Amino acid sequence: MTQRTRAIMNLFYLPALLLFAVFVVYPFFEGIRISFTNWNGYLPNYRYVGFANYRRLLTDPYFSSVFWNTILYGFGCTLLQNVLGMGLALFMDTKFRGRGVLRAVVYLPAMIAPLIMGYVMFFVFQFSGGALNDIMLLFGGERVDWLAVPGRTVTIIVIVNTLQYVGVAMVIFLAGLQNIPAMYTEAAHIDGVGSWGMFRYITFPLLMPAITSSVILNLIGGLKLFDIIRALTPPSPSTGAASLSTYLTYQYANVERAGYSAVLGIVTFVFILIVSNLTMWFFDRREAQML
Amino acid sequence: MKTAMKKNWWRYLLTVAILLLYLAPFYILIGVAFKMPSDPSSRWILPNYIYLDNFAKALEGRILQGMQGSLIITLCSVSLIICVGALAAYPLARNKSKLNKAVRGFILGVMMVPPLSILVPIYSVMKVINGISTYYGMVLLLLTFQLPLSIFIYSNFIASIPTALDEAACIDGCGPFRTFISIILPQLAPVTASVAILTGVTCWNDYQFSLYILQKPQIASVTLAVSDFFAQTSSNVFAAAAAALLGLLPIAVLFLLLQKHFIKGMVDSAIK
C-alpha cells in the first residue's frame with residue numbers, strides 16, 4: 001500500500017473523530033473548566049472558585065457511600081453475572097428438551113430497557129401489595145419494606161441487574177463452549193479426566209478469551225449503572241443506593257451545583273478508565289499465561 | 001426415552017425453576033396491568049375478568065408519542081452508526097501504524113467512559129447547537145457513544161477479509177474509497193445485522209440521554225413516557241403497569257421473532 005493510499009484511508013476516520021471531538025473530548029476539558037466554577041447549570045453568570053468544589057468532595061457526607069456503592073455495583077454484578085452465566089452455559093451445553101426456550105427466556109430481559117425492568121421489579125419489591133411481601137405473608141411472616149434499608153437496596157439492585165443481564169454472559173460462554181474442538185475433550189476423556197478436571201484444565205483455559213470479554217463488558221455496565229437505580233429509588237442520595245452516575249446527575253439537576261457535578265464527573269471518568277484498564281491488563285496477562 | 005427422562009430429571013427440574021423465576025415478574029406485571037384499581041387481590045392472582053381501562057389511561061399519556069420518538073431516533077441513529085462506523089473501521093482494520101494504535105486505544109476509552117460523567121458540559125454543547133428537545137440532538141449523542149462498538153465489530157470483521165482483494169482492486173486502479181464501496185461494503189451485510197440489532201436495542205432503550213435532552217413534553221422516548229407514570233406519585237400503579245407492559249412489548253416481540261439474530265449480534269460483539 002502506498003503512502004498516498006494510507007493517507008486517503010485515514011480520512012475515513014474523520015466523521016467519527018469529529019463526533020468524538022465535539023461530544024467527548026471538548027466536553028471533557030469543558031468539564032474541567034466548569035469544575036472550577038460555582039455555576040448552577042443554567043444562569044449565565046458564575047465565577048471561578050478555585051478548588052472549592054474539589055474540597056467539597058472531601059467533606060461530602062454522601063461521597064464515600066456513593067463511591068463504595070459504585071464499586072459494589074461494578075464488581076458485584078460482574079462476579080455474579082459471570083459465575084451464574086458460566087453455570088447456565090455449562091448447563092445448557094448439553095442437548096435436552098426446553099433448552100431453546102430456556103435460553104430465550106433468560107436472554108429476553110437483556111433486551112428490555114433497564115429502566116422498565118426496574119419498574120417491573122418495583123411490583124415485586126413494593127411494600128404494600130408487592131409480590132414478594134405477599135409470599136412473606138403467606139408463610140406467616142411480616143411485610144418487609146425491601147427498598148428502605150440502604151445496604152439491602154444495593155443488594156437488591158445488584159440482583160435485579162444480574163438477573164437482567166446474566167443472559168449476556170451465558171450467550172457469550174455458550175458460543176465459547178461451542179468453539180472448543182471436540183477432540184480436546186475426547187482426548188481428556190480417554191485419559192480418564194473427571195468432570196472437574198475437564199473444566200479446570202480444558203474448558204476454563206480455552207474459555208479465557210470469552211471470559212475476558214464478558215468480564216470487561218459486565219464491569220463497564222455495572223460501573224455505569226444508572227437506569228435500574230433510578231427506577232427503584234428516588235434520585236436523592238439519602239436512600240443510600242446512589243452510584244456515582246446517579247449522584248452526579250442529582251447534584252446537577254436537583255441541587256443545581258453544576259461545578260460540583262463536574263468534579264464528580266471527572267472522578268467517575270478517571271476512576272472507571274483506571275479500573276477498566278487495570279482489569280483488562282490483568283485478564284490479558286492471565287490469558288497469555290494460560291496459552 | 002423413558003430412561004433418558006429419568007436420568008435427566010434434575011435438568012427438567014432446574015429448567016422449570018429458572019423459567020418460573022424469570023417469568024414471574026412478567027406474570028405479575030400482566031396481572032397488575034389487567035386488574036381494576038379497586039381489586040384488592042394479591043399480585044399473584046390474575047383477574048378473572050377483562051378490564052382494559054388501565055391501558056386506556058396509559059395511552060392517554062405519552063406512550064404512543066414515545067414510541068414514535070424512539071422509533072425515529074433509533075432508525076436515524078442506527079443508519080448513521082452503520083455508515084460512520086463501517087467507514088472508520090476500514091483504515092482501523094487495514095493500516096498497521098502508530099496512528100491506528102492510538103485511535104484504537106482512544107475508541108476503547110470512549111467505550112468505557114460513562115457519558116453521564118460529562119453530562120454537564122455535554123448539556124452545554126447541546127444548548128450551543130440547539131440540540132435540546134430535538135431528535136437530532138438525541139441522534140448525535142447516541143451515535144457518538146454507540147460508534148465505538150460499531151467500529152470494533154466492523155474492524156474485526158474486515159480484518160478477516162483477505163487483503164488480496166483490496167490489492168487486486170488497487171492494481172485495477174481503484175482508490176481506497178472505490179475499494180471500500182465496491183469490495184468491502186458488499187461483504188458487510190451479515191455483520192451489519194449484528195451492529196444494527198445491538199446498537200438499535202441500546203438506542204430504543206435509552207433513558208440517560210432522553211431524560212436530560214428531551215425537556216419539552218412534545219418530544220418523548222419510550223422510557224421517558226413510561227417513567228411519567230411512575231413519577232406522578234404511585235397513585236395509579238395499575239396504569240403504570242399497563243404503560244410498562246406497552247413499553248416493553250415491541251422489543252420483546254421483536255426479540256422472540258428474531259432471536260437467532262439477536263444472539264448472534266451479542267456474540268459478534270464479544271468474541272474477537
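Contact here means heavy atoms within 4.5 Å. The model is predicted: local features need pLDDT of at least 70 and side-chain atom pairs pLDDT 80 or more, while totals for chains, interfaces and linings use all residues. Residues are numbered from 1 along each chain as its sequence is written, chains are lettered from A and ligands numbered from 1 in the order written, and side-chain values use heavy atoms, without hydrogens and water.

**Stop 1: a helix contact between chains**

Select P15(A), A16(A) and L19(A) in α2(A), then V84(B), L87(B) and A88(B) in α4(B); these two groups meet. By class, this contact has 6 nonpolar, no polar and no charged residues (Ala, Val, Leu, Ile, Met, Phe, Trp, Tyr, Cys and Pro count as nonpolar; Asp, Glu, Lys and Arg as charged; the others, Gly among them, as polar).

Helices are DSSP runs of H or I with at least four residues, numbered from the N terminus.

**Stop 2: aromatic pairs**

Over all chains, the search finds 31 aromatic pairs. Rings of Phe, Tyr and Trp (its six-membered ring) pair if their centres lie within 6.5 Å; planes under 30 degrees apart are stacked, over 60 edge-to-face, and the rest tilted.

Select F123(A) and F230(B), an edge-to-face pair with 6.0 Å between centres and 65° between planes. F123(A) belongs to helix α6 (residues 114-125) of chain A and F230(B) to helix α12 (residues 222-231) of chain B, so the pair joins two chains. F123(A) is buried at 0% relative accessible area, and F230(B) is buried at 16% (buried means under 20%, with a 1.4 Å probe and protein chains only).

Move to Y247(A) and Y250(A): their ring centres are 6.3 Å apart and their planes at 20°, so this pair is stacked. Both sit in helix α12 (residues 244-253) of chain A, 3 residues apart, about one turn of the helix. Y247(A) is buried at 1% and Y250(A) at 18%.

Next, select F12(A), Y90(B), F177(B) and F180(B), which ring pairs link into a cluster.

**Stop 3: arginines over rings**

R56(A) lies over the face of Y260(A), 5.5 Å from the ring centre. R200(A) lies over the face of Y201(A), at 4.9 Å. The criterion is NZ of Lys or CZ of Arg within 6 Å of the ring centre and within 35 degrees of the ring normal.

How values were computed. Buried means under 20% relative accessible area, exposed over 50%, partly exposed in between (1.4 Å probe, protein chains only).
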